[in-house]
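Please walk through this protein model with its sequence and coordinates at hand. The text below goes from one residue to the next and then to the overall picture.

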Amino acid sequence: MKGKILVVDDEPSIQKLLTVTLSNRGFEVITADNGMEALALAKIEKPDLICLDVMMPRMTGHEVHDKLRERPETKDTPILFLSAAGTFEEQATQMKDSNVDYIPKPFRPSEVADHIEGMLDPAKRDAFERERGKREAKLQKIVEIMHRDKDS
């Protein structure tokens with residue numbers, strides 16, 4: 001088993017797609033429909049990574065992230081946000097946490113699985129971190145340009 005992944009999404013089709021894809025790659029997958037369920041499962045199951053939808057009813061993925069970071073048992077758990085929404089500023093803020101990354105929806109299931117392997121596999125971690133750093137720098141540049149244009 002490569003690790004335990006908690007998939008949090010209010011769309012059953014996304015949960016099923018990621019469960020099948022990640023299970024086929026050797027991961028154990030548990031699922032949650034919302035943020036409250038995710039917080040409870042994260043405490044009990046202690047996943048190696050959390051795939052977290054941003055836009056969910058009652059509690060956003062960003063709110064779940066913040067609560068996870070407040071808990072000693074989940075403060076360092078890697079999080080992969082899956083999002084069809086969210087501003088560049090929100091992404092830039094969350095990516096300051098080195099254990100966070102983003103994949104926009106719609107996504108290819110293999111892309112998510114590759115990303116998770118890059119985040120968790122020590123042999124792939126260095127290359128993943130270099131690519132993540134480049135994406136984070138581009139995101140910061142976009143946010144700076146947006147602020148500069150707003151202030152003009």
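Leu 82 has a relative accessible area of 1%, and because buried means under 20%, Leu 82 counts as buried. The model is a predicted one. Leu 82 sits in strand E4, which covers residues 79–83. Its C-alpha lies 6.2 Å from the C-alpha of Lys 105, although 23 residues separate Leu 82 and Lys 105 in sequence.

Which side chains meet that of Lys 105 in a salt bridge? One is Asp 9, with an N to O distance of 2.8 Å.

Another is Asp 53, whose side chain meets that of Lys 105 at 3.1 Å, N to O. This pair also links distant parts of the chain: Asp 53 belongs to strand E3 (residues 49–53), Lys 105 to the loop between E5 and H5, and the two are 52 residues apart. Asp 53 is buried as well, because its relative accessible area is 4%. Side chains of opposite charge can pair when their charged atoms come close.

The peptide bond from Lys 105 to Pro 106 is cis, and its omega is near -5°. Pro 106 is in the loop between E5 and H5. Most residues other than glycine have a negative phi, and most peptide bonds are trans.

Where does a positive phi occur in a residue other than glycine? Arg 58 is one of the cases, with phi near 70°. Arg 58 is found in the loop between E3 and H3, and at 73% relative accessibility it counts as exposed. Lys 46 is not a glycine either, and its phi is positive at about 50°. Lys 46 has its place in the loop between H2 and E3 and is exposed, with a relative accessible area of 52%.

Back to the charged pairs. The structure holds seven salt bridges, including the one between the side chains of Asp 114 and Arg 25, at 2.8 Å from N to O. Asp 114 is in helix H5 and Arg 25 is in the loop between H1 and strand E2 (27–32), so that pair, 89 residues apart, links distant parts of the chain. Asp 114 is partly exposed at 41% relative accessibility, and Arg 25 is partly exposed at 25%. Asp 114 and Arg 25 also belong to a network of salt bridges that links them with Lys 2 and Glu 117.

Asp 10, Glu 11, Asp 33 and Glu 37 form a negative surface patch. Of these, Glu 37 is placed in helix H2, residues 35–45. Its relative accessibility is 30%, so Glu 37 counts as partly exposed.

In helix H3, which runs over residues 61–70, the buried residues are Gly 61, His 62, Val 64, His 65, Leu 68 and Arg 69. Seen down the axis of H3, these buried residues fall within an arc of 155°, so they line one face of the helix. An α-helix has 3.6 residues a turn, so residues three or four places apart point the same way.

What pattern does the protein follow along the sequence? The order is β-α-β-α-β-α-β-α-β-α-α, made up of six helices and five strands. The protein has 152 residues, and buried residues make up 45% of them.

Technical notes. Residues are numbered from 1 along each chain as its sequence is written. This is a predicted model: local features need pLDDT of at least 70, side-chain atom pairs count only at pLDDT 80 or more; totals for chains, interfaces and linings use all residues. Side-chain values use heavy atoms; hydrogens and water are left out. Patches are made of residues with over 30% relative accessible area and no salt bridge: like charges are joined within 9 Å, nonpolar side chains (Val, Leu, Ile, Met, Phe, Trp, Tyr) within 5 Å. Accessible areas come from the Shrake-Rupley method with a 1.4 Å probe; for residues, only the protein chains shown count as cover. A salt bridge is a side-chain nitrogen of Lys or Arg within 4 Å of a carboxyl oxygen of Asp or Glu. Lys and Arg count as positive and Asp and Glu as negative; His and the chain ends are not counted. The place of a charge is taken as NZ of Lys, CZ of Arg, CG of Asp or CD of Glu. Helices (H or I, at least four residues) and strands (E, at least two) are DSSP runs, numbered from the N terminus. Buried means under 20% relative accessible area, exposed over 50%, partly exposed in between (1.4 Å probe, protein chains only). The arc is that of the directions from the helix axis to the C-beta atoms.
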